[in-house]
Amino acid sequence: MKKNTSKNMLKRLLILSVAIIFLLCTNAARIFYLQVVRGEELSQKADSQQLKDTEISAMRGTIYDSEGNVLAQSATVWNIFIDPLAIDLEIGDEDTAAEIAEKKEKSEKRRTLIVDKFAELFEYDEKEKAEFLEKTKAENHYTIVEKKVENNIKEQLSEFISENKLNCIGMEQTSKRYYPYGSLASSVLGFTGADDQGLSGIEAYYDEELTGTNGRVITAKDAVSNDISDDYETSVEATDGNSVVLTINQTIQYYLEKGLRETLEEYQAKGAYGVVMNCNTGAVLAMSSLPDYDCNEPYKLTYSKNKNEIKKIKDKNEKEVAESAAVQNQWRNFTVNDTYVPGSVFKTFIASAALEENVVTPNTTFNCTGSIKVDKYTMKCHYHPGHGNQTFAQGLENSCNPFFITVGQKLGVHNYFKYFDAFGFTQTTGIDLPGEASPQYYPEDKYGIVELSSASFGQTNSLTPIQVCTGLCAIANGGKLVQPYLVSSIVDPDGKTIKKTETKVVRQAISSETSETVREMMKGVVDNGTGKNGYVAGYRVGGKTGTSTKLGESKAGEGDKYIVSFAAIAPSDNPEIAMLIIVDEPNQDLGGGALCAPIAAHVIEESMGVLGIEPKYDEDEMKHLSQYTPNVAGKSLDEAKKEISEYSLNCVVVGNGDKVVRQCPTSAGTIPNGGTIYVYTDNTDKKMTKVPDFTGLTVSEAKSLAKTNNLNIEISGNDINSASVVASRQSDEKGASVEQGSVITVTFKSTESVLD
C-alpha cells in the first residue's frame with residue numbers, strides 16, 4: 001500500500017515539476033518576446049505615453065542685399081493644437097446620473113466656447129466652423145488646428161486660455177518666412193514651402209546653408225497626459241541657419257524692375273528681363289525676370305495681361321491648367337533658366353573675334369547694298385535700301401547684317417568657334433542659382449557657309465541672358481571672362497563670416513587692346529547709331545541693340561514674333577557695369593533701341609550714383625546742365641531780381657511787398673538754364689498749378705506746355721529736338737498739384753527704331 005502511495009506521490013511531483021518548468025519556459029519566452037523581439041516598439045509606445053516630445057523650430061537664415069538690407073527673414077509664429085479628449089470633463093464610475101448629465105452639459109459649453117472663439121479669431125465661415133467642431137470630438141490627445149499663427153493672435157488666444165482655465169489648447173513655437181519688399185528680386189530670392197524648405201531661387205540653391213537644426217523639449221506626462229514637474233524635462237536647443245549676403249543692390253534692383261515693369265505693361269509684352277553685373281568681379285548687382293510674383297504669395301497671379309486672358313477661358317479645367325502654367329511661368333527666372341537667340345547684340349562678339357584675329361580694323365570699309373548672297377540664299381539687311389559705303393565701326397553703329405556676314409566668312413568656322421567658346425557660350429556659367437539652362441548651338445563640325453553667315457549676325461544659336469551678359473563683361477573689363485555669382489558671403493548665426501566669394505577668372509577671352517577698341521565702337525552705337533536712347537549725360541555709355549525673330553513661335557497670318565534687346569557697358573572709358581535688357585514679344589514692331597535702351601539709360605544713371613561714380617560732362621553737355629538755384633529769400637526785391645538776372649534766370653514776383661519771403665524752386669534744388677524763379681514778397685498763398693501730361697511731346701512742345709502751366713522743365717535722356725524724339729516719362733504724374741515754378745524732369749527717347 002505504501003509503495004503505491006509513494007509512486008503516486010512521485011508521479012504527482014513529476015507532473016507538477018513539468019508544469020512548473022513549462023510555466024517558467026513560457027514566461028521566459030514571453031519576457032524574451034516582449035524585451036527583445038518587441039522591445040524597441042514597446043519602449044517607444046511607453047515613451048509616447050509617458051513622455052511629451054516637442055520640436056523647437058530653428059530659424060532659417062536671413063538673406064541680405066549688398067548693403068545689409070533684409071530681403072528675406074524668418075520670424076517666430078505658433079502652431080495651435082488641441083487635446084480633444086481633455087475638452088470633456090472626466091466621468092467617474094461612482095458619478096450619479098445627475099452628475100454625469102451636469103458634466104456633459106459643462107463639456108458641451110466648453111466645446112461651444114472654444115469653437116466660437118476660434119471662429120472669431122480665425123474668421124471661420126460656417127463650413128470651416130463645422131469642420132473645427134468635428135476636430136474637437138476626435139479620439140486623440142493631439143490635433144494641430146492652425147499653423148503659423150501671428151503673435152497678435154497667439155496673445156489673444158493665450159488670454160482666452162488663461163481666463164477660462166483651458167488645459168486642452170496648446171501652442172508650439174515655429175517660424176514663418178517673410179519678404180519685406182514683396183516682389184523685389186523675387187526671381188532671384190525664390191520662396192519656401194509650408195515646411196520651410198527652399199523651393200526656388202537662392203532659397204533653394206542655398207537651402208542647406210539657410211536651414212538650421214531643430215531643437216527638442218522632452219517632458220514627462222502623468223496618467224492623464226498632463227505635464228509633470230520641470231525636474232523631468234530635457235531640452236536640446238535649436239541651432240539657427242546661416243545667413244547669406246547677396247551681391248544684389250536694392251536700389252539698382254528697384255530701378256531695373258521699375259523700367260522693365262513699365263515697359264512690360266505699356267507694350268503688353270510676354271516678358272521683360274534684365275541683368276546688371278559688376279563687369280570686373282562678376283557680381284550680379286541686379287537681376288529681374290517679369291512677370292514675377294510676391295514672394296509672400298507665390299501662387300498668386302500678378303500680370304494683368306495673363307489674368308485677363310485666363311478670365312476669358314470658359315472651360316473650368318482648361319482655366320485651371322492655364323492658371324497653373326501662368327503661375328509656374330512667374331517662378332521661372334528667364335535670365336538663367338531659358339535660352340534665346342541674341343540677335344545683333346552678338347555682333348559685339350564677332351567684332352571682338354575679328355579684331356583679335358586681325359581680320360578687320362575699325363576703319364575697314366564695306367559697301368552695303370541691302371542684301372548679300374550666301375550659297376542659294378539671299379540674306380537681307382534690316383535697312384533694305386542698304387547703308388552704302390561704311391567703316392567697320394559704322395557697320396556696328398548701323399547694325400549692318402551684310403557687313404558682319406562678310407566679316408564672319410573672313411573669320412572662318414574655326415576662329416568663329418574658337419571665340420564662341422572663349423566667351424563661354426559652349427557651357428553654363430555656373431552661377432549660383434538652380435536650373436541654369438544649357439546653351440543650344442551648332443558644334444564646330446556642323447557649320448557650313450550658311451550657318452556661319454547666319455551666326456555672324458546673331459542668329460542660329462541660343463544662349464541664356466546670363467551667358468551673354470557675362471560675355472559683355474569680358475569685352476568691358478579688358479578681356480577676362482569672369483564667373484557670375486549672387487552670394488558674396490555666408491554668415492553664421494553669431495555674425496561671423498564663414499565663407500566669402502572671390503572673383504573667379506575663367507580665361508582671357510580677348511586682349512585688353514581689343515577690349516578697348518570694341519568699347520569705343522560700342523560708344524559709337526549710342527552716340528551715332530541704333531542705340532541713341534542709351535545716352536546718359538555725364539557718362540560715356542557703350543551699347544548694342546538686338547532683335548531676333550522667334551521663328552518657331554511665329555504663326556502665319558499673325559506676323560512675326562520678336563524678342564528685342566539692348567546691351568550696355570558704362571562708363572565705356574573705364575567700365576564698372578555691364579547690362580542686358582530684353583523685351584519678349586512686345587505688341588508693337590519696335591526694336592531694342594526704342595524699348596530696351598531707355599531702361600538701360602535710367603538704370604545706368606541711378607547705378608552710377610549708387611556706385612559713387614561722378615559724371616564727367618563735355619562742353620556741349622555743360623551748356624544744357626541745370627544749375628543750383630540761387631537763394632534770394634530774405635533779400636530785398638531789387639537785390640533778388642538782380643541776382644536772379646546774373647544767373648540768366650527769369651523772375652516772377654508774387655505779392656506786393658519789397659522783400660522776398662520765400663521762393664520756388666528753393667535753393668535746395670536745381671533749376672534748368674533759362675528757368676523761372678517765383679518769388680513771394682508777402683504771405684500770399686502759394687500759387688498752385690496742375691502737372692500736364694508731357695507723354696509723346698517733342699522737346700520744344702514740352703517746353704512750351706511747361707511754360708504755359710508756369711512750370712520749369714528739366715530734360716533728361718535724348719535731348720535732340722526732332723519729331724522722332726518724344727517724352728516717355730515724367731517725374732510728377734499728370735494731374736498732380738504742384739507749386740508754380742516747380743521743376744518737372746521729363747525723359748525723352750527716340751521713336752526711331754530698327755528691328756536689327
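Student: Is Glu585 buried or exposed, and how do you know?

Tutor: Glu585 has 16% relative accessibility and counts as buried. Buried means under 20% relative accessible area, exposed over 50%, and partly exposed in between (1.4 Å probe, protein chains only). This is a predicted model, where local features need pLDDT of at least 70, side-chain atom pairs count only at pLDDT 80 or more, and totals for chains, interfaces and linings use all residues. Residues are numbered from 1 along each chain as its sequence is written, and side-chain values use heavy atoms, without hydrogens and water.

Student: What makes Lys550 and Glu585 a salt bridge?

Tutor: Their N to O distance is 2.9 Å. The rule asks for a side-chain nitrogen of Lys or Arg within 4 Å of a carboxyl oxygen of Asp or Glu, so the pair qualifies. Helices (H or I, at least four residues) and strands (E, at least two) are DSSP runs, numbered from the N terminus.

Student: Which is Lys550, buried or exposed?

Tutor: Buried, because its relative accessible area is 12%.

Student: How do you know that Lys544 and Asp756 form a salt bridge?

Tutor: Their closest N and O atoms are 3.3 Å apart. Lys544 sits in strand E19 (residues 542–549) and Asp756 in the segment after strand E31 (743–750), so this pair ties together parts 212 residues apart in sequence. Lys544 is buried, because its relative accessible area is 0%. Asp756 is at 5%, so Asp756 counts as buried too.

Student: What is the accessibility of Arg332, and which residue does Arg332 pair with?

Tutor: Arg332 is at 36%, so it counts as partly exposed. Its salt bridge is with Asp338, with the closest N and O atoms 3.1 Å apart.

Student: How many salt bridges are there by this rule?

Tutor: The count comes to 22. Some are linked: Arg60, Arg177, Glu203 and Asp207 form a network of salt bridges.

Student: Where is Ser565, and why is it called buried or exposed?

Tutor: Ser565 is in strand E20 (residues 562–570). Its relative accessible area is 1%, so Ser565 is buried. Leaving out residues up to four places away in sequence, Ser565 touches residues including Lys544, Leu580, Gly592 and Cys596. Contact means heavy atoms within 4.5 Å.

Student: Where is Ile310, and what does it touch?

Tutor: Ile310 is in helix H11 (residues 304–311). At 9% relative accessibility, Ile310 counts as buried. Beyond its neighbours within four places in sequence, Ile310 is in contact with Leu301, Lys319, Ala322, Glu323 and Ala326.

Student: Which residues make up the nonpolar patch on the surface?

Tutor: Leu10, Leu13, Leu16, Ile20 and Leu24, with about 500 Å² of accessible area together. Patch residues have over 30% relative accessible area and no salt bridge; nonpolar side chains (Val, Leu, Ile, Met, Phe, Trp, Tyr) are joined within 5 Å, like charges within 9 Å. Areas come from the Shrake-Rupley method with a 1.4 Å probe; for residues, only the protein chains shown count as cover. Leu13, in helix H1 (residues 2–37), is at 48% and so counts as partly exposed.

Student: Which residues form the negative surface patch?

Tutor: Asp125, Glu126, Glu128 and Glu131. Asp and Glu count as negative, Lys and Arg as positive; His and the chain ends are not counted. Each charge is placed at NZ of Lys, CZ of Arg, CG of Asp or CD of Glu. Glu126, in helix H5 (residues 126–135), is at 64% relative accessibility, so Glu126 counts as exposed.
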